[in-house]
Amino acid sequence: MPHRLPPDTMLDDAPDASSGAPSEPRGGAAIEGARVRTVRTGHLVVLAVATAAPLPTEVARWIGAQALRRVRYTAADQVLDDALRVRPEAIIVDGRGGGAAEAAAACRRVKADSFTGIVPVAVVVDDALAAREAFAYGADEVLRSDAAAWEVEARLDALLRRAARDVGVHPTTRLPGTPEIEAELGRRLGAEERFAACYADLDHFKEFNDRYGYNEGDRVIRMVARILHDAVKGVSGEAGFVGHIGGDDFLFIVPLDDVAPVCDIIVETFELLTPYQYSEADRRAGYYFGKDRRGQLHRVPLMSLSIGIATNERRRYTEATQISRLASEMKTYAKAQPGSLYAVDRRTDAQAEGGPRSGDEG
């Protein structure tokens, strides 16, 4: 039975971590009230310094309504130590009164660390001057102590939305990452849409990266992302989706009827542009010599693109991971063939034991 936090829970009800008191258990229950809210389970750090007064009522009310596990500290060092152990969903710092210096120190230290820098930090301040200073030392959001309830709620809700968006996209391409991909697959399965999940992967990308460096490798990744995005959106419009799994792996989703036109455009565009990512000598030769994992020289062809495609036209899936795994399986089959191509799984559930070689190539 999930722990339920009442919407009027005040900050002072949360335990002080420095006292050794146990923290509240994580909650996942819906908050009762006039408006249904999205409930998040996770870790919320609160820094209360240099003031005996509780946080403003509306801030404390929002904290309670999130059903987040709350930990309260009184020193900036404690905040960073906790954030390094378990990256929290958010940090709220009380910078009112004499707490401005400690608030600034906490915010700067959290934002300076590569692991905790992504954690959103909101600072509670007394006036406009303190708000400007808080933004200057790295706060993601500032809350005036006299702000109306709707403003506090809107700013803090937006803070978590921005944080979720920032960690949900790939930093190189800014495309949706794995969580968004799985959510989109699940949404379409739940809506019983007819669609194709297309797993795209570069061939010989590692050798290209080794030869030309990671900056050039990232440029190629961004080029592929743009090719996929433009082809999918150009043909399927809002019905298309493009995500970046990581590295040189992408997954895009299109309606069934759009598979061939989208993939044809992708393959043709990739084959047209890829040779120009190489030096003139490598481009003219069509290959270069690179070392394998054993240090042996071997001939490396120019990059190609393999796309494995799974659909729900002839097979049924109960969860997103099933169709993504099958698309990856078809991608592996496509990679075993020379050149850029796409392979579509045409099997029914009854034929699934036979492996992916019944797929159609394009």
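Reader: Is Ser340 buried or exposed in this model, and how is that word to be read?

Author: The general idea is a cut-off on accessible area, where buried means under 20% relative accessible area, exposed over 50%, and partly exposed in between, with a 1.4 Å probe and protein chains only. Ser340 has a relative accessible area of 14% and is therefore buried. This is a predicted model, in which local features need pLDDT of at least 70 and side-chain atom pairs count only at pLDDT 80 or more, while totals for chains, interfaces and linings use all residues. Residues are numbered from 1 along each chain as its sequence is written, and side-chain values use heavy atoms, with hydrogens and water left out.

Reader: Where does Ser340 lie, and with which residues is Ser340 in contact, leaving aside its neighbours within four places in sequence?

Author: Ser340 lies in the loop between helix 11 (320-335) and strand 12 (341-344); helices (H or I, at least four residues) and strands (E, at least two) are DSSP runs, numbered from the N terminus. Contact means heavy atoms within 4.5 Å, and, with neighbours within four places in sequence left aside, Ser340 is in contact with Val267, Phe270, Glu271, Ser304 and Leu305.

Reader: With which side chain does the side chain of Ser340 make a polar contact?

Author: A polar contact is a pair of N or O atoms within 3.5 Å; within protein, one must be able to donate a hydrogen and the other to accept it, and residues adjacent in sequence count only if both atoms are side-chain atoms. The side chain of Ser340 makes such a contact with the side chain of Glu271, at 2.5 Å. A polar atom of the Ser340 side chain also lies 2.9 Å from the backbone nitrogen of Leu305.

Reader: Where is Thr173, and which side chain is joined to that of Thr173 by a polar contact?

Author: Thr173 is placed in the loop between helix 5 and helix 6, and because its relative accessible area is 16%, Thr173 is buried. The side chains of Thr173 and His244 are joined by a polar contact of 2.9 Å. Beyond its neighbours within four places in sequence, Thr173 is in contact with Ile221, Arg222, Ala225, His244 and Phe250. From Thr173 to Ala225 the separation is 52 residues in sequence and 6.6 Å in space, C-alpha to C-alpha.

Reader: How do helix 1 and helix 5 pack?

Author: Two packed helices are described by the angle between their axes and the distance between the axes. Axes are lines fitted to C-alpha atoms, for helices over the stretch in contact, and angles run from 0 to 180 degrees between N-to-C directions. Helix 1 (residues 57-65) and helix 5 (residues 149-167) have axes 9 Å apart, at an angle of about 45°. Angles under 35 degrees count as roughly parallel, over 145 as roughly antiparallel, 65 to 115 as roughly perpendicular and the rest as oblique, and helix 1 and helix 5 are therefore oblique to each other. Glu58, Val59 and Trp62 in helix 1 meet Ala149, Val152, Glu153, Leu156, Asp157 and Leu160 in helix 5.

Reader: At what angle do the axes of helix 7 and helix 8 cross?

Author: The axes of helix 7 (residues 205-212) and helix 8 (residues 214-236) cross at roughly 140° and come within 7 Å, which makes helix 7 oblique to helix 8. Phe205, Phe208, Asn209 and Tyr212 in helix 7 meet Tyr214, Glu216, Gly217, Val220 and Ile221 in helix 8.

Reader: How many helices and strands are there in the chain, and what percentage of its residues count as buried?

Author: The chain has 11 helices and 13 strands, and 46% of its 362 residues count as buried.
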